[in-house]
Amino acid sequence: MSRTEPGGRRHWGPNWLNPPLVIGLGLIALLAIGSYVVPALSQFDAEIANPREALQPPSSRHPFGTDRSGLDIFVRVFQAPRIDLTIVVMGVGLGAVIGVVLGVVTGFSRGIPGEISMRVADIVQAFPLLILAIALVSLSGNNLTNVVYVLAFVNVPVFLRLTRSRVLTVREQRFVQASIALGNSTPRLVFRHILPNSLGPTIVQFGVSMGYGILTLAGLAFLGVGVQVPTPEWGSMILTGASNMTTGQWWISLFPGLALSVAVFAFNLLSEGIEKAREVGSK
Amino acid sequence: MTDPQLSVRGLELEIATRRTSTAILHGVDLTLATGHMHGLVGETGSGKSMTARSIVGLLPPGGRVTAGSVTFGDQDLLAKTEAEMREVRGAAIGMVFQNPRTALYPMLNIENQMGNVIKSHLDLDKAERVARIREHLGLVGIDDVDRVAKAYPHELSGGMAQRAVIAMALVCGPSLLVADEPTTGLDATIQRQILELIRSLQKRITLSVLIITHDLGVVAQYCDTLSVMSEGRVVEDGAVRSVLLDPTEEYTKRLITASDLGYIRTKRLAAQQ
Amino acid sequence: MGGLGGNDVGGRSGNSCVAVAEPRRYAYSRGTKAMTGRAWALLIMRRVLFMIPILFAIATATFFLTRFAGGDPAYQIAGTFATEESIANIRADLGTDRPLGVQYVDFLGDSIRGDLGTSLFTDRPVRSDLADRLPATLELITLSLVVAVVVGLASGSYAAHRRGTAADKAVRYGSFTALSLPDFWLGLLLLFVFFFKLGWAPPPIGQIAPGAAAPRDVTGAAVVDATITLNWAALKASLHQIWLPLTTMALIFSGPLTRLARSATIEALGSDAILFGRACGLPRSTLWRYAARASLPPVVTFVGILFSVLLGASVLVETVFSWGGAAQYVVNAIRVNDFPAVQGFVLVAGVFSVVIFLIVDLLYVAIDPRVRL
């Protein structure tokens with residue numbers, strides 16, 4: 001069901017500083033900065049166990065309580081973004097870069113390579129990727145580097161498809177045809193015309209994939225994959241407190257999960273904000 | 001002169017968004033006599049579509065009529081509730097729009113869609129409905145009625161689709177047809193066909209037509225009367241011959257000169273010299 | 001749910017869902033005929049035939065991926081005091097000492113016959129292991145998705161029809177929050193509130209509580225079995241066990257589904273067809289139906305992708321509730337290097353996904369006459 005209005009080419013409109021963008025960015029900045037500031041200011045270390053203060057509910061001394069090893073949850077929750085954010089940025093970023101490059105390449109080539117890449121992406125999607133991720137990581141080394149690679153791997157198809165479809169659309173537009181007719185070389189075409197046009201949706205997707213990536217990382221950690229104790233990471237913290245949920249010590253899993261949700265929320269909000277900023281005119 | 005079928009007086013319309021409120025129409029007057037075709041011309045943004053939509057009450061979100069009256073026959077349309085207007089639309093006043101292929105609902109075939117329209121206004125049994133649909137499809141000049149009735153919108157060509165749209169707008173027997181740029185999206189030959197169709201329909205089923213267009217040529221050929229609009233106001237109106245051959249307003253003159261008619265007028269003036 | 005495959009729907013954000021959830025490119029036909037019975041038959045036949053090379057590709061990919069991702073299980077099985085000889089013996093037993101090509105052909109032959117090997121951990125055929133556990137996973141996923149779809153469609157279209165009002169805002173914020181939550185965390189929270197504090201939910205021990213009425217084992221899925229054998233006591237018991245994990249998953253997935261339904265409905269409501277329908281005086285109920293049907297396609301596509309992602313990603317919720325499903329099984333298998341089990345699961349999941357995608361495509365054609373596959 002369509003409208004007959006002409007579709008405008010989007011450009012960075014007057015909605016730059018809309019609420020979702022600002023709040024999202026703000027929250028992320030808060031988390032990132034806090035991951036260094038809070039541990040520096042706290043008397044507790046995020047990784048040194050303190051069994052005498054184990055399983056304490058939230059108090060003024062331990063605002064978020066302590067876990068089974070006596071670790072202060074407040075400090076750990078705030079230090080976790082060092083892992084959660086960095087790993088995910090690296091993984092999704094790597095996947096995005098590779099995906100965009102492949103997208104441009106397959107988008108430009110006519111015929112077979114493009115179709116094949118789409119079929120391959122289709123097949124990749126048919127697999128239970130979480131399972132494969134777990135398999136890849138646990139069996140080739142249960143460390144964070146492999147998690148980065150896995151995150152990259154699963155993000156490649158997304159960005160590939162996105163970029164390729166943009167390239168295909170832009171390629172058919174008149175000004176590109178004209179540019180080619182004028183004798184512009186392909187690389188110049190790519191950099192000056194294709195990429196800037198595809199940038200918008202890619203950035204939006206990046207934000208969304210970031211949110212998703214954080215959930216994935218936490219999920220993997222919850223299954224004991226990738227993150228080692230006692231490194232503070234939200235997913236593994238939730239794991240530590242999981243069995244305690246049924247015995248009443250709710251704070252151990254609650255706060256890391258809350259922080260996790262806030263982070264994902266922030267990235268999704270940011271994506272919304274970027275998308276809104278790209279809209280022409282008020283909606 | 002007999003009572004006009006449609007009479008618009010002092011119509012003022014504003015559109016309110018979250019932040020501001022913009023006045024779109026500043027007191028529009030319009031008269032359409034029964035059985036006539038009235039052209040509403042102007043450039044994009046002159047408010048002609050909004051006027052048409054205000055008449056049938058299909059305002060965009062935030063749209064509000066702030067003053068004026070719209071009288072259809074002996075009924076005050078602005079005083080009606082939405083439920084009452086729903087009865088008017090389709091049964092007393094039909095409306096068609098620019099792009100026929102998007103106007104038709106893509107997921108039902110023509111027969112079913114038209115059947116839905118009939119069901120909302122007339123109390124007919126299935127056989128009567130089918131007969132009426134076929135009759136109206138034939139009325140709009142469709143030869144292979146069976147095929148078109150069973151077809152989905154995407155299977156029809158542009159011209160065929162617009163005929164189906166007109167059939168759907170008229171199937172419940174309205175006496176006024178509002179056509180908002182009905183031929184703008186079509187090929188030139190099809191445009192002509194559709195306009196001829198509308199003209200013939202006028203004669204066969206006593207139809208008054210309000211046609212909105214930016215094409216003065218169409219107005220010159222098919223309309224009895226016209227109104228020229230600019231920036232939410234009616235600049236000039238009257239019988240087509242007098243306005244186009246002897247315009248009084250500057251804007252009208254410019255419009256004529258800019259269109260294909262300009263040439264004709266210059267020639268006539270030269271001939272009169 | 002840290003589901004990874006779902007990335008293709010751009011995480012769970014509704015906007016990107018609409019944009020990126022059309023990776024399955026449907027061609028809109030111009031002027032072609034609509035679907036007749038005969039056309040349906042041809043389409044299904046064509047697609048099923050086309051599935052064969054895809055399944056083949058999936059089997060191949062499975063084979064090589066598990067070989068690549070897995071270590072050599074021989075070391076694991078041999079244990080700490082392994083000798084060269086014992087390892088060689090184990091390899092001969094497993095057949096992993098043969099050239100890769102031979103293993104591959106054997107694997108294909110076995111898979112076609114349905115023989116997925118023997119689990120190194122449970123010592124049972126992988127096929128039986130999966131048959132025991134897959135129904136539980138499928139039941140949980142399917143029921144959760146059904147609830148999520150109903151909630152999503154209802155609230156999404158509700159919000160779309162009241163766009164800009166407070167109700168719309170509430171729905172938007174709510175769904176946005178829902179899709180940001182980690183499913184395993186939500187499950188734990190709900191467990192705490194409803195089991196520990198309120199006692200409305202049972203302890204998380206799987207489909208059937210010990211001592212409770214158990215249905216006869218027909219499919220292996222407790223709720224389904226209880227329903228088809230008309231065993232009301234068992235139905236009550238199994239619903240009691242499933243309601244919390246189901247609610248967890250349904251809550252989370254209603255997030256993106258609501259956003260999807262809302263944006264699709266808004267787009268439909270603003271379309272020319274609805275405007276023309278109004279101009280013809282169609283009643284609100286008819287227009288509502290028109291908009292609803294038009295908003296279905298992206299939802300259907302998304303559900304299909306979600307389903308195939310959840311085959312693996314449900315492991316998180318399954319772990320929290322000790323559901324005993326296939327996802328838990330395979331994660332455990334990974335931990336103990338049980339690679340026949342991993343291979344078998346991946347193959348089955350891949351096949352399932354392909355079938356789901358086919359169903360989604362067919363549904364799409366049924367909903368939207370314009371689509372040509």
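Let's start where chain B meets chain C. Chain B puts 25 residues into this contact, and chain C puts in 25 residues as well. Which elements of chain B give two or more residues to the side that touches chain C? They are α2 (82-88), α3 (100-103), α4 (110-121) and α7 (158-170) of chain B. The top contributor on that side is α4(B), with four residues. By class, the chain B side facing chain C holds 14 nonpolar, seven polar and four charged residues.

Keep in mind that this is a predicted model. For the complex, the predictor reports an ipTM of 0.91 and a pTM of 0.81.

Now chain A against chain C. Here chain A contributes 57 residues and chain C contributes 63 residues. Six helices of chain A are on the list: α4 (112-126), α5 (129-139), α6 (144-171), α8 (186-222), α9 (234-245) and α10 (251-277) each supply at least two residues of the side that touches chain C. Which one gives the most? That is α8(A), with 13 residues. The chain A side of this contact splits into 35 nonpolar, 18 polar and four charged residues.

Next, confidence in chain C. Its mean pLDDT is 80, and 85% of its residues reach 70 or more. Among its elements, the lowest mean belongs to helix α1 (residues 14-20) of chain C, at 31. The highest belongs to helix α11 (residues 272-279) of chain C, at 93. Look at the start of the chain. Over residues 1-25 of chain C, pLDDT stays under 50. The model still has 96 contacts beyond four places in sequence for that stretch. A word of caution applies: where pLDDT is low, predicted coordinates should not be read in detail.

Let's stay in chain C and follow one helix, α15 (residues 339-367).

Neighbour one is helix α12 (residues 284-313) of chain C. Its axis and that of α15(C) come within 9 Å and cross at roughly 175 degrees. Parallel or antiparallel? At that angle, α12(C) and α15(C) are therefore roughly antiparallel to each other. On the α12(C) side, the contact includes C:R293, C:L296, C:P297 and C:V300. On the α15(C) side, it includes C:A349, C:F352, C:S353 and C:I356. The residues of this contact come to 13 nonpolar, five polar and one charged.

Neighbour two is helix α14 (residues 326-335) of chain C. It packs on α15(C) at an angle of about 140 degrees, with the axes 8 Å apart. So α14(C) and α15(C) are oblique to each other. Their crossing is left-handed. From α14(C) come C:A326, C:V330, C:A333 and C:I334; from α15(C) come C:A341, C:V342 and C:F345. What classes of residue meet here? Seven nonpolar, no polar and no charged.

The axes of α6(C) and α15(C) come within 10 Å and cross at roughly 55 degrees. That makes α6(C) oblique to α15(C). Left-handed or right-handed? This crossing is right-handed. C:V126, C:D129 and C:L130 of α6(C) meet C:P340, C:A341, C:G344, C:F345 and C:V348 of α15(C). Those residues divide into six nonpolar, one polar and one charged. Note C:A341 and C:F345: α15(C) uses them in the contact with α6(C), and also in the contact with α14(C).

Last stop, the sheet in chain B. It is an open sheet of four strands, in the order β2-β1-β4-β5, with antiparallel pairing. Which strands are at the edges? They are β2 (21-32) and β5 of chain B, each pairing on one side only.

Inside the sheet, strand β1 (residues 6-16) of chain B pairs with strand β4 (residues 63-72) of chain B over eight bridges. In that pair, B:L13 stands opposite B:V65 of β4(B). On to the other pairing of β4(B): it joins strand β5 (residues 75-76) of chain B over two bridges, again antiparallel. B:F72 has B:Q75 as its bridge partner in β5(B), and B:T71 stands opposite B:D76. Between the strands of this hairpin lie two residues, and B:G73 takes a positive phi near 65 degrees.

That's the tour. Happy to take questions.

Technical notes: Residues are numbered from 1 along each chain as its sequence is written. Chains are lettered from A and ligands numbered from 1 in the order in which they are written. This is a predicted model: local features need pLDDT of at least 70, side-chain atom pairs count only at pLDDT 80 or more; totals for chains, interfaces and linings use all residues. Two residues are in contact if their C-beta atoms, placed from the backbone, lie within 7 Å. Ala, Val, Leu, Ile, Met, Phe, Trp, Tyr, Cys and Pro count as nonpolar, Asp, Glu, Lys and Arg as charged, and the others, Gly among them, as polar. pLDDT is the predictor's confidence in each residue, from 0 to 100. Axes are lines fitted to C-alpha atoms, for helices over the stretch in contact, and angles run from 0 to 180 degrees between N-to-C directions. Angles under 35 degrees count as roughly parallel, over 145 as roughly antiparallel, 65 to 115 as roughly perpendicular and the rest as oblique. A crossing is left-handed if the near helix is turned anticlockwise from the far one by less than a right angle, and right-handed if clockwise. Two strands pair if DSSP finds at least two bridges between them.
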